[in-house]
Each structure stands twice: as C-alpha cells, then as structure tokens.
Amino acid sequence: MVTPSQDDLPDHVPGYRLIHDAQRIVRLEGKGNYTLVYLLDHARPILVSYTLKRFEAHLPTYIRIHRSALINPAYVSQVSRATPRLMFVKLTTGESMPVSRHRMQVTSIRLNRKKPVRFFYHFSSLPTF
C-alpha cells in the first residue's frame, strides 16, 4: 500500500498535544463540526473541534472514502469489492470501512490500483424469468 513520507505529513495537529504525530492517525470520522480522531495507540478516539474538511486540507495523503470518513493509506491492509456498487477498505486495526459509490474509483487509484476491481457474474447463476 501507499506509505506517506515524513515530509508529506504535518508533525502535529495545532492545539492538540495528544496528536503530535500525524502518522499515528489511523482514521478520522466526521461528526458535524467535530471530528473523532482514531490513533494507533489509543483505545478511544479523541474528539477534536475541527471539521473533516479541514483535516482533509491539512492531510493531503489521506483518502476521503465517504462523506464522514478519512483514512490513512498506510494502514490499509485490503480492499475488497463485494458487488459492483459495494466496496470496503479493511484497515490493519481490523476495522472494515465502506467506500462511497462516488469515491470508489478515486480510492482505487489513490491506493495504487490502476482500475477499480470488476466482478463478472456467471449467467447460469442468474434467475430465469
């Protein structure tokens, strides 16, 4: 997977001493005008009074997988596609995150995949009418 370099990430989130190393951020979850920051070595997320859009601007290597989620590509272990309209990103922490239909192609490209995974269905398994 993609591993961001030291120069790509800011060294801290201004005003928050617990988030002094952006590489420890596994994922961010937007909750209105607040964001839950999930760190690698913390059991509980940290509530931050910044919007997810602001984090997206400060963390350019992170990937927005849907309206309320931003993930660190360094912690992506697997990308799976259940159907043509359903894609999941599995993180190294064991969490599985859904990817928005409108962000599937961008997510696949940003994770060093040339094209989104395509599935073929066997005609013998389709119902007959």
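We'll walk through a sheet and then some salt bridges.

Before you start clicking, bear in mind that this is a predicted model.

**Stop 1**

Select residues 76-83, 86-91 and 96-99, which are strands S6, S7 and S8. You're looking at an open sheet of three strands, in the order S6-S7-S8, with antiparallel pairing. S6 and S8 are the edge strands, each pairing on one side only. Turn the view to follow the twist, which averages 25 degrees from one strand to the next.

**Stop 1: S6 against S7**

How many bridges link S6 and S7? There are six, and the two strands run in the antiparallel sense.

**Stop 2: the hairpin**

Now move along to S7 and S8, which pair in the antiparallel sense over four bridges. Here the landmark is Met-87, with Val-99 of S8 standing opposite. The two strands form a hairpin with four residues between them. Click on Gly-94 in that turn: its phi is positive, at about 100 degrees.

**Stop 3**

Which residues of S8 make up the covered face, and which the uncovered one? Met-97 and Val-99 are on the covered face, while Ser-96 and Pro-98 are on the uncovered one.

**Stop 4: Arg-64 and Glu-56**

Time for charges. The whole structure has five salt bridges. Select Arg-64 and Glu-56, whose side chains meet in one of them at 2.7 Å, N to O. Is Arg-64 buried or exposed? Arg-64 is buried, because its relative accessible area of 14% falls under the 20% cut-off.

**Stop 5: the network**

Finally, select Arg-27, Glu-29, Lys-31 and Glu-95, which salt bridges with shared partners join into one network. Centre on Glu-29 and check its two bridges here. Arg-27 has its closest N and O atoms 3.4 Å from those of Glu-29, and for Lys-31 and Glu-29 the figure is 3.1 Å. Colour by accessibility and you'll find Arg-27 and Glu-29 both buried, with Glu-29 at a relative accessible area of 18%. Lys-31, at 45%, is partly exposed.

How values were computed. Residues are numbered from 1 along each chain as its sequence is written. This is a predicted model: local features need pLDDT of at least 70, side-chain atom pairs count only at pLDDT 80 or more; totals for chains, interfaces and linings use all residues. Side-chain values use heavy atoms; hydrogens and water are left out. Buried means under 20% relative accessible area, exposed over 50%, partly exposed in between (1.4 Å probe, protein chains only). Two strands pair if DSSP finds at least two bridges between them. A salt bridge is a side-chain nitrogen of Lys or Arg within 4 Å of a carboxyl oxygen of Asp or Glu. Axes are lines fitted to C-alpha atoms, for helices over the stretch in contact, and angles run from 0 to 180 degrees between N-to-C directions.
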